[in-house]
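Happy to go through this one with you.

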Amino acid sequence: MTEFRLPELGEGIEDGVIVEIKVQPGDSISPQQEVFVIETDKASMPIEYPHAGVVESIAVKAGQRVKVGQILANFAGANGKVPEKQAPKTNSESPKSEAPPKNSDAESATVAELNTFDFVLPDLGEGIDSGVVVGIAAKVGESVEKDQELFTIETDKAAMPIPAPVAGVVEAILVKEGDRPKIGATLAKMKVSSQSSPTAPKPASAPTKKVAPAPAEKSVTETSSTPSTGVVNATGPVPASPSTRKYAREHQVDLNQVAGTARGGRVTSEDVRTFIRAKMNQPAATSSAVGSALFSAPPMPDFSKYGPIVKKPVSNIRKKIAENLSLSWHMAPAVNQFDLADITDLEAGRKRIVDAMPKGTAKITMTVLAIKAVVAALKEFPHFNASLDMQNGEVIYKEYYHIGIAVDTERGLVVPVIRDADKKTIRDLAQSVAALADKARSGKLTPDEMRGGTFTITNLGGIGGTAFSPIINYPEVAILGLSRSSIQPAYRDNQFVARLMMPLCLTYDHRIIDGADGARFTTRLVQLFSDPIRLLMES
């Protein structure tokens, strides 16, 4: 029996928390197989067992904090010599490999004709490395069809269904509701026919897009700061074994940035692990007072001393909302510009068009007309359709108009994006707004449908209130808030008349937009809202 202890994790790191145990007693493992995942104060990192063997016992449990040198597990048959009496059962002997139950679609297939297929969490979109399991529709022993929804995964932005990539029988479910698997993690094991398994889509390959090699110049520059005696592959495919590629993919490592120490610059799993440790020990380049302000807060008092309380976990979406708004609040010195728009004639024209539209047609709302007005104003004031890159000393002007629409949902505020709003008619915009709002409220928005916005509109007029100050949707530089319109007296032709007035508030980043331009922008919007012919002529 060999005791496996927690190895050194890097300079200054003395302990970590077990966040995942990837093996069980009786499992047979191969050399360099990942057996634990440890979370330190800086990052999560894999722990591999260097030899082949059989897991005899696990000495720790998930959530436990362990110190460097502490025993994690005991292995038998180290160095590749597996004792005969502890040799792991073959798949044909394992209870999990039994033929699917009767009445299943795979009933006619024999065990010899079935292969085990690892159903892994596929790529969920750029910048998403994990998600929380919020729904499991599959059951062990159930026969499922290709593209049948088996899991629902909640990311920081939306809940997404995960369909089966192949038809087969569910052999085992390896996650439970509340778990947070990473991209490439196995969610379930399926039995599929030998005919379908070789050609079945491999979800694990999806994350490859996510960690696609960066341009050679960037890879060499980024790697130069990491001490290494190996060779960095700047061009061409990286020489590495399939297991090393899988290991790097699971931990979001670009192999082009890893120095290979094996013959010919070949990258090994140990090289990837060394790269991860080096990155963990590097000081954060962006750490500053801003970071401290975002994540440092005094502990909460014990409210239970004063009365009954109820604690509920913060949802992933709410955490992401808090993170983004805190970032915007600390990064962008914001100014609010208020104004009133006379929408009397515009609202009358809008109602005439809506009344004449066929039943079931997407409704033209004030938000739709606001998109039209905002796009026209952005074309006249291009620095409102930009982003400020202080690190590189650049202003990025966007020559496209993707307008974000804030949608209130039960799960929190989400902002789907209307792409190329300048190329859409009023009817097209109405259909896009309605479709995205429905998807947002049903939790079916994809990450791509919430990316790439250049300017955001939030409309609280349907709820109430006289005015409010929206927070910029960073890294955008401005956001428009609309409040409930009301009949107000206005002085026209030497007399007071009743007009329908809509309060609006423009919040803008004062680093790139001056107060005078903020006033000019809102003034132009007021003019556009007062011009029904301009906004309704393409209905």
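Modeller: Let's begin with a serine: S432 is part of helix 9, which covers residues 426–441. Please keep in mind that this is a predicted model.

Colleague: Thanks! Is S432 buried or exposed?

Modeller: The relative accessible area of S432 is 19%. Buried means under 20%. S432 therefore counts as buried.

Colleague: And which residues does S432 touch, not counting those up to four places away in sequence?

Modeller: Its place in helix 9 is where we started. Once residues up to four places away in sequence are set aside, S432 touches I418 and K424.

Colleague: How are helix 8 and helix 10 oriented to each other?

Modeller: Helix 8 spans residues 366–380 and helix 10 spans residues 515–529; their axes lie 9 Å apart, at an angle of about 130°. Angles over 145 degrees would count as roughly antiparallel, and 65 to 115 as roughly perpendicular. Helix 8 and helix 10 are therefore oblique.

Colleague: How do the residues of that contact between helix 8 and helix 10 divide?

Modeller: Helix 8 contributes residues including M366, L369 and E380, while helix 10 brings F521, R524, L525, L528 and F529. They divide into 12 nonpolar, no polar and 2 charged.

How values were computed: Residues are numbered from 1 along each chain as its sequence is written. This is a predicted model: local features need pLDDT of at least 70, side-chain atom pairs count only at pLDDT 80 or more; totals for chains, interfaces and linings use all residues. Side-chain values use heavy atoms; hydrogens and water are left out. Axes are lines fitted to C-alpha atoms, for helices over the stretch in contact, and angles run from 0 to 180 degrees between N-to-C directions. Helices (H or I, at least four residues) and strands (E, at least two) are DSSP runs, numbered from the N terminus. Angles under 35 degrees count as roughly parallel, over 145 as roughly antiparallel, 65 to 115 as roughly perpendicular and the rest as oblique. Contact means heavy atoms within 4.5 Å. Ala, Val, Leu, Ile, Met, Phe, Trp, Tyr, Cys and Pro count as nonpolar, Asp, Glu, Lys and Arg as charged, and the others, Gly among them, as polar. Buried means under 20% relative accessible area, exposed over 50%, partly exposed in between (1.4 Å probe, protein chains only).
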